[in-house]
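The sequence and the model come first, followed by notes grouped by topic.

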Amino acid sequence: MRAVALAAIVVTATMSPLTAQGSTAELLGQAHEFYERLEVERALPLLRQIVSPNWPFEVTQEQRVEAYKYLGACLTLAGKRDSAVLYFRAAIERDPFTELDPNVFTPAQLATFGEAQRRTFAVAVRPVEPARVDPRTARVTFTIVATHAALVDVKLSAVGAGQPRSLFQSTMDGVREITWDGLLADRRLAPPGRYALAVAGRSRLTGTSDSARVYFDLRHEVAPLEDTLPDLERRALLPERMSPEAARRDVAKGLGVAAAALLIAGAANGDLGGGERGGADVVAATAAVTGIVAFLVHRHHGAIPENVAANARRRAERDSANASVRGRNADRIAATVLLVSPAAGEGTGP
Amino acid sequence: MRAAAVIAGAGILGGAAPAGAQRALTVAPLVSLAEHRVDAGFGVERSLGPILGGVGTLRFGPRLAVAVRAFGGSLFGSTGVLDRDVGELGVEASVVTLPWLVLQAGAARRAYSTKLGRQTWTLVSLGGTARMAFAGDAIHSVWRAALLPAVSASGLRGPDMAFRAATGLEYRIRTTTLGVEYSLERYDFPAEAGVRRLEQLSALSLRLELRLR
């Protein structure tokens, strides 16, 4: 028996939020039906219950705004214009985007609502809708509102960094769509991160001010980029100057050829009467002089033009390849698509 | 005749090279001052004179080359020695085995003629050429050595020992190479009737190598 009672308590506790939501929606639905049947006197108590602080059930912002709006509409029909304006203002203050459909409401209700709008100043911006935008062909759209004529300044900035970019600065009245091309104040594509759109307004009628702010995350969708070629390592380049050792080896090579020529002539000619060594002497002298001259030249002018040219060619080829890579990467970056998603507040971003 | 066959073989070898291999032709006119010495038991006979000739080399890719050489000239004998004319036609195949080393095999037909008669030689050589670059790569030292394992000379038995050695320098300017070289060929024939014939041909050569294509 106790188990059954406990189960009943658990079920009741579990269902209570749904019941609360349902109660408010149900009551709002009933009030709406009474209003449609022009039974204003029966609709008003129900709507007042919903906006009452004593109403025990949960009321969403939309439900509360809806209740205030219909309270204003009902009171207008009841001829209580001042009270109607108050309730309309309450709806507008809670949601500046609140509107009356001219096809549904009477001209008197519309006029009363207009009066409420003139007396209440508020600006707002709709939460950002998730979107995938190619900045070359499309724009990110924000919807802002001023309840009546006002000087409105809309700025977009990266959270925690950067200079804000002004997207709109002018007089407006009502709802307006602001577009953003994805660029920041420096005319560069906005990097990934969290951004804030701030709307500040000053009423042209009352002089009062209001502001609103919305956050969104921005991500880039870009094709994978290619890596550029690394710097040429020392071993990938030819030596551009003779080393002192190489210059000294030239002397050894020249003397080696000279010795070899004399050796060939002397050794082979021994049993054929020695004698004719003129040819070998010429080659030996030429080789010795060549070795010494090469040593002196390389010591004073050690540059190796062929290697310098070959290295320059390799560097130019690398630079050309990197320029091509950078070009292709630039094309890919230029084709970056912006992914926009709503965010709850300031933070580190995606 | 045999030389012609070797030349034909070289041609076949060249034709067997990969079709895609890049061919390069160089020609190298040369001028030599040659000295011929022979001791046939009557003392050393010495003759000296200029020789003109040329070498044409066809390269089949970076490793293989075939060269044909031809030269001729007159050697003027010293006192009491007959003047003689010399001419040679030869072919040689080369394979680059290391960047600085080329192995070579060749054959040549050589003729000496005097007013008394004519002697022909057939030479087969196996050897190599080493090139070592001076700093800067424009100058190379050249070292050649070859054994002549098969030598026949008309009227003579083949030599017991025959070799060729040479050394020199090459100066390269763009597609032109100027070479200066001292070379020597030595032939030691077996003794006959107690007489041992020794013969050698040495030369100081200047060669201008031109790359045609």
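Chain B has one helix and ten strands, where helices (H or I, at least four residues) and strands (E, at least two) are DSSP runs numbered from the N terminus. This is a predicted model, in which local features need pLDDT of at least 70 and side-chain atom pairs count only at pLDDT 80 or more, while totals for chains, interfaces and linings use all residues. Residues are numbered from 1 along each chain as its sequence is written, and chains are lettered from A and ligands numbered from 1 in the order in which they are written.

**Chain B**
- From the N terminus, the order of elements is α-β-β-β-β-β-β-β-β-β-β.
- Of its 213 residues, 30% are buried (20 or more other C-beta atoms within 10 Å of the residue's own, with C-beta atoms placed from the backbone; exposed means 12 or fewer, and partly exposed lies in between).
- Among contacts between residues at least 6 apart in the sequence of chain B, 54% join residues at least 24 apart; a contact means C-beta atoms, placed from the backbone, within 7 Å.

**Where the chains meet**
- Contacts link 27 residues of chain B with 27 residues of chain A.
- Strands of chain B that each supply at least two residues to this side include strand 1 (23-39), strand 7 (139-153) and strand 10 (198-211).

**Helix 4 of chain A**
- Buried residues in helix 4 of chain A include A:Ala84, A:Tyr87, A:Phe88 and A:Ile92.
- The cover over the buried residues of this helix includes helix 3 (61-77), helix 5 (107-119) and strand 3 (140-158) of chain A.

Methods. Two residues are in contact if their C-beta atoms, placed from the backbone, lie within 7 Å.
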